[in-house]
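Here are some exercises to work through with the structure open beside you. Try each task before you read its solution.

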Amino acid sequence: MVIGIIGAGASGMAAALAASENPNVNVILMDRQNRVGRKLQATGNGRCNLSNMNASRGGYHGEQPDFVLPAIGAMNPDATLKWFRDLGLYTVVEPSGKVYPYSDQANSVVDVLRLNLNRPNITLKLGFEAEKIQKNECGFSVIGSDETVSCDKLIIACGGLAGSKLGGTMSGYKLLGKLGHKATRLRPSLVQIKTGWGGIAGLKGVRANCHVQIMRDSELFSESTGELQLTEQGISGPVVFEISRDVCYGGGEWTAKLDFLPDWSRDNLYEALLQRRNSNLPMEDLLTGILHNRLGRVLCKTAGIKGKTYAKELSNAEAEEVCRAVKSLEIALTEPLGMDSAQVTAGGVLTEQFDAATMESRLVPGLYACGEVLDIDGDCGGYNLQWAWSSGCLAGYNAGKDAK
Ligand SMILES: Cc1cc2nc3c(=O)[nH]c(=O)nc-3n(C[C@H](O)[C@H](O)[C@H](O)COP(=O)(O)OP(=O)(O)OC[C@H]3O[C@@H](n4cnc5c(N)ncnc54)[C@H](O)[C@@H]3O)c2cc1C
């Protein structure tokens with residue numbers, strides 16, 4: 001039996017390895033790029049956060065988030081680490097549950113997978129872009145620009161649109177669409193959000209522990225505490241990533257209320273500021289030693305402190321304004337950055353049209369899909385790659401299991 005797989009990214013390579021475990025299967029693994037795992041190589045800032053030990057307890061989104069359960073149940077994070085160990089990759093689990101390769105290099109993950117693809121029953125076709133799929137009586141024809149690949153079963157592992165510079169494309173949605181599958185609206189997720197706050201310009205690269213409340217039309221939409229990263233255009237980091245799939249959609253006025261000292265009460269800060277009147281601190285350094293220097297200066301400016309040279313001139317009303325800027329700075333959110341900058345696509349091909357237990361299409365027998373092309377996106381921290389491994393292995397195993 002020949003199994004064609006379109007996409008040699010995370011889920012496609014997992015599917016190829018799982019399908020090829022049956023010696024009666026021949027896998028043809030196709031990718032439009034000239035090497036396997038192009039996006040994988042860039043994950044986790046080059047470190048590849050390949051799983052999260054908490055992934056079996058949730059952390060997935062989409063119209064049917066429970067669609068992930070059979071795949072993650074069949075290959076949970078523990079089983080994934082064992083799978084990688086058997087392939088030759090050693091891993092480290094951080095206290096947060098995030099899993100990285102022991103080498104701390106995404107390259108190692110790609111290399112281990114690539115070397116394991118070197119099996120007699122796997123053929124790699126790189127630089128092959130699937131442009132069209134024809135369903136025949138006994139299988140599929142995958143048509144490229146100057147070659148056609150025939151196979152008995154076909155797995156679509158084309159990934160999503162996110163990270164377009166690394167290979168993110170509409171291709172998988174289009175190929176599945178031509179075969180009758182529908183997709184939800186696609187939007188960028190795990191991405192920074194732009195703000196209209198003028199102070200942001202001087203804060204590029206600043207990181208702060210922050211309590212972030214996201215408000216829609218002044219109503220609390222979500223809140224969390226963690227690392228906030230300030231960029232040239234807006235806010236980023238895990239606390240922002242978590243909510244980026246929903247922010248600025250569906251109308252309304254979106255704002256973020258930032259508390260840069262979540263462990264301090266307003267009264268503690270007020271007292272600390274008044275004590276600084278006894279020092280020789282220049283006014284612009286009023287928050288130095290408490291917050292990141294640049295952030296402190298911008299917040300003093302935002303609080304409207306002007307024309308005073310030393311902290312000893314600080315009035316009670318001004319201390320109050322500084323407390324407000326530090327503990328409840330309200331900034332307007334305009335829009336998330338686009339698909340180029342996003343780590344994952346929220347939305348995708350409707351999961352109700354696939355069998356979660358096998359990943360086979362309910363519309364086209366012998367057709368499977370796995371990974372990001374489906375309407376599943378995970379939280380930040382290794383959830384998306386865990387989904388790619390689990391769904392890829394499940395699709396590959398089921399496509400190949402009956403080959404005799
Ligand atoms: C910058 C960045 C960092 C990330 N970091 C992390 C992280 O640390 N942890 C985590 O869990 N997730 C991370 N992600 C998300 C994760 O990389 C993806 O969710 C995951 O790679 C999806 O796997 P996939 O197999 O579905 O798609 P991909 O890995 O994108 O693979 C799809 C493959 O299909 C190929 N393809 C597409 N269309 C065709 C076609 N028509 N013909 C032939 N080939 C085709 C593409 O070239 C590509 O190689 C990150 C994403 C980005 C962009």
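Two residues are in contact if their C-beta atoms, placed from the backbone, lie within 7 Å. Please note that this is a predicted model, in which local features need pLDDT of at least 70 and side-chain atom pairs count only at pLDDT 80 or more, while totals for chains, interfaces and linings use all residues. Residues are numbered from 1 along each chain as its sequence is written.

**Exercise 1. Leaving aside neighbours within four places in sequence, which residues is A15 in contact with?**

Step 1: Set aside the neighbours within four places in sequence; A15 is then in contact with I5, I155, A157, C370, G392, C393, A395 and G396.

Step 2: A nonpolar core is a set of buried Ala, Val, Leu, Ile, Met, Phe, Trp, Tyr and Cys residues joined through C-beta atoms within 7 Å. A residue is buried if 20 or more other C-beta atoms lie within 10 Å of its own, exposed if 12 or fewer, and partly exposed in between, with C-beta atoms placed from the backbone.

Step 3: The largest nonpolar core has 74 residues, and I5, A15, I155, I156 and A369 touch the most other members. Helix α10 gives this core its largest share, ten residues. A second, separate core has 44 residues, including A162, I235, L287 and V344.

Step 4: Recall the background: in soluble globular proteins, nonpolar side chains tend to be buried together.

**Exercise 2. Why is α1 largely enclosed by the rest of the structure?**

Step 1: Helices (H or I, at least four residues) and strands (E, at least two) are DSSP runs, numbered from the N terminus. The protein has ten helices and 21 strands.

Step 2: Count the buried residues: α1 is largely enclosed because ten of its ten residues are buried. Among them are A10, M13, L17 and A19.

Step 3: Look for the cover. The buried residues of α1 are covered by elements including β1 (2-6), β2, α4 (106-116), β7 (122-126), β11 (153-156) and α10.

**Exercise 3. Which residues come nearest to the ligand?**

Step 1: A residue is near a molecule if its C-beta atom, placed from the backbone, lies within 6 Å of it.

Step 2: There are 40 residues around the ligand, and G7, G9, G159, G163 and G371 come nearest.

Step 3: Sort the shell by element. At least two residues each come from α1 (10-19), β2 (26-31), α5 (171-178) and α10 (383-400). The largest share, four residues, belongs to α10.

Step 4: Sort the shell by type. Ala, Val, Leu, Ile, Met, Phe, Trp, Tyr, Cys and Pro count as nonpolar, Asp, Glu, Lys and Arg as charged, and the others, Gly among them, as polar. The shell then holds 16 nonpolar, 18 polar and six charged residues.

**Exercise 4. How many residues of domain 1 are in contact with domain 2?**

Step 1: Take the bounds, which come from an automatic or database domain assignment. Domain 1 is 2-187 + 341-400 and domain 2 is 193-336.

Step 2: Count across the boundary: six residues of domain 1 are in contact with five residues of domain 2. On the domain 1 side, these are two nonpolar, one polar and three charged.

**Exercise 5. Which strands pair with β6?**

Step 1: Two strands pair if DSSP finds at least two bridges between them.

Step 2: Strand β3 (residues 51-52) pairs with β6 in the antiparallel sense over two bridges, with S51 opposite V99.

Step 3: Strand β5 (residues 91-93) is also antiparallel to β6, joined by three bridges, and T91 stands opposite P101. The β5 and β6 hairpin has four residues between its strands, and G97 there takes a positive phi near 100°.

Step 4: Check the two faces of β6 (residues 98-101). K98 and Y100 point one way, V99 and P101 the other, and all are buried.
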